[in-house]
Amino acid sequence: MNIGIVCYPTYGGSGVVATELGIALAQKGHQVHFITSHQPVKLNFLNHNLHFHEVFVENYPLFHYQPYNLALASKLVESVQKYNLDLLHVHYAIPHAFAAYMAKQMLKDFDINIPIVTTLHGTDITLVGSHPVYKPAVEFSINHSDVVTTVSQSLKNDTLRLFNIKKEVEVIYNFIDFDKIENESNDTCLRDTLAGDGEKILTHVSNLRPVKRILDVISIFHKVQQKIPSKLILVGEGPDKEKADLLAKELGIEDRILFLGKSDEILKILCLTDLFLLPSETESFGLAALEAMASKTPVISTNTGGLPEVNTQGVTGFLSDVGDVDDMAEKAVFILENEERLLEFKNNAYKAAHQFSIEKILPKYEEMYKRVIKNGF
Ligand code: GMT
């Protein structure tokens, strides 16, 4: 198949999923064309089936805001014709699903009916998408996509609750590539360089936005390290980093926390991690939790959104109410204080992550693509 993929090329979860999906499809022999504002960060060109077409936005003094929508729609029209694309798969509704709809209409002038698949990822529905400023356009572009998928059952429920949706919404879960984990993490678990003898390592990875509740990460760790000798690795860049740094200083634990910034070595960090913290306000799926579990790391998370579909209470970790840092700290100590118990949670997490292996999820996308190309839905 000739597949066009539109996504945010940055470090957000939706961009990561879209890029990994494109790479996996290319490895299976499909021609995959990324049509994005910059080269996706995780995209490499070692596969001749992968292509990248940059969307340029022409600036003009009159424009207060750059019309990216228009530039993207034009580039989609050009790419569909030039590379004979069979379908467009857009990740994150805003503004991609709307631009794809415009391109679809424009292509009708050339007697081309290009199918549009929209995958909803989370905040495009739960936070930004349902804001009155965007809601009518988001609702319209979901209803006019040929196929709509969500990355969890919870996000499907949210979509149906927050919007007037007139079409079927399919759930195709996010996935993980275990081969990649084994390749990237082998022989590199140099935990001695970060933690002393008997010390445990806790990790949090995110874009440090308010929705991730980074201050809760610091508070949980503050309580845990009073009972268990431990270090915290905080990976990512974002608006709440400074606040987290300040709180750590206030609590006198800054020398026990390693702020790593953006990193391409997440799997190597997870490889030496004992426990992953994800106390988010909302999370449609929690790809970071799945990456942790696939790296044999149990998860302490909130019980919000799609997290209960990934993390199982008392098996792969624990889930608490949003903001209940006492409970999350207590559960973290429970897992970490007993080596045998920790090992059991690690093994459970690894085993449970296999339900989301790329081998199980990729065929679902391929089947859906074939169906939409054949039937138009
Ligand atoms: O929240 C992020 O880290 C970024 C955001 C995005 O869309 O780029 O992530 C969302 O999509 C991920 C991939 O499908 C999900 O794993 C995240 O749970 C989801 N984030 C939220 O719902 C807050």
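Colleague: Why is Arg213 called partly exposed?

Modeller: One thing to keep in mind as we go is that this is a predicted model. For Arg213 the relative accessible area is 25%. Buried means under 20% and exposed means over 50%, so with 25% Arg213 ends up in between, as partly exposed.

Colleague: Where does Arg213 lie, and what makes its phi stand out although it is not a glycine?

Modeller: Arg213 is in the loop between β8 and α8. Its phi is positive, about 50 degrees, although Arg213 is not a glycine.

Colleague: What makes β8 and β9 a pair?

Modeller: Two strands pair if there are at least two bridges between them. β8 and β9 (residues 230-235) have 6 bridges, so they qualify, and they run in the parallel sense. As one example, Lys200 has Ser230 in β9 as its bridge partner. To get from β8 to β9, the chain passes through helix α8 (residues 214-227), and this β-α-β crossover is right-handed.

Colleague: How many bridges does β8 have with β11, and what makes that enough?

Modeller: β8 and β11 (residues 275-278) pair over 2 bridges, again in the parallel sense. The rule asks for at least two, so that counts as a pair. Thr203 has Phe276 as its bridge partner in β11.

Colleague: Why is strand β2 described as largely enclosed?

Modeller: Because 5 of the 6 residues of β2 (residues 31-36) are buried, the strand is largely enclosed by the rest of the structure. Strand β1 (residues 2-6) pairs with β2 in the parallel sense over 4 bridges, and Ile5 has Phe34 as its partner in β2. β2 also runs parallel to strand β3 (residues 50-54), joined by 5 bridges. There, the bridge partner of Ile35 is His53.

Colleague: How do you know which residues of the second largest pocket's lining are closest to its centre, and where does the lining come from?

Modeller: The second largest pocket holds about 380 Å³ of space. Of the 15 residues that line this pocket, the closest to its centre are Glu20, Ile23, Gln27, Asn44 and Lys180. Domain 1 (2-174 + 357-375) and domain 2 (178-356) each give at least three residues to the lining. The largest share, 4 residues, comes from α1. By type, the lining splits into 5 nonpolar, 4 polar and 6 charged residues.

Colleague: Last one: what kind of peptide bond joins Ile94 and Pro95?

Modeller: A cis peptide bond, with omega about -10 degrees. Pro95 lies in helix α3 (residues 93-107).

Notes:
Residues numbered from 1 in each chain as written. Predicted model: local features only at pLDDT ≥ 70, side-chain atom pairs only at ≥ 80, totals over all residues. Heavy atoms only, no water. Right-handed = clockwise from strand over helix to strand, strands pointing away. 1 Å grid on protein atoms, 1.4 Å probe; cavity = no way out; pocket = protein on both sides within 12 Å on 5 of 7 lines; lining within 4 Å. Points joined across faces, edges and corners; volume = space filled by probe spheres on them. Nonpolar A, V, L, I, M, F, W, Y, C, P; charged D, E, K, R; others polar. Domains from an automatic or database assignment. Buried < 20%, exposed > 50% of the residue type's maximum accessible area, 1.4 Å probe, protein only.
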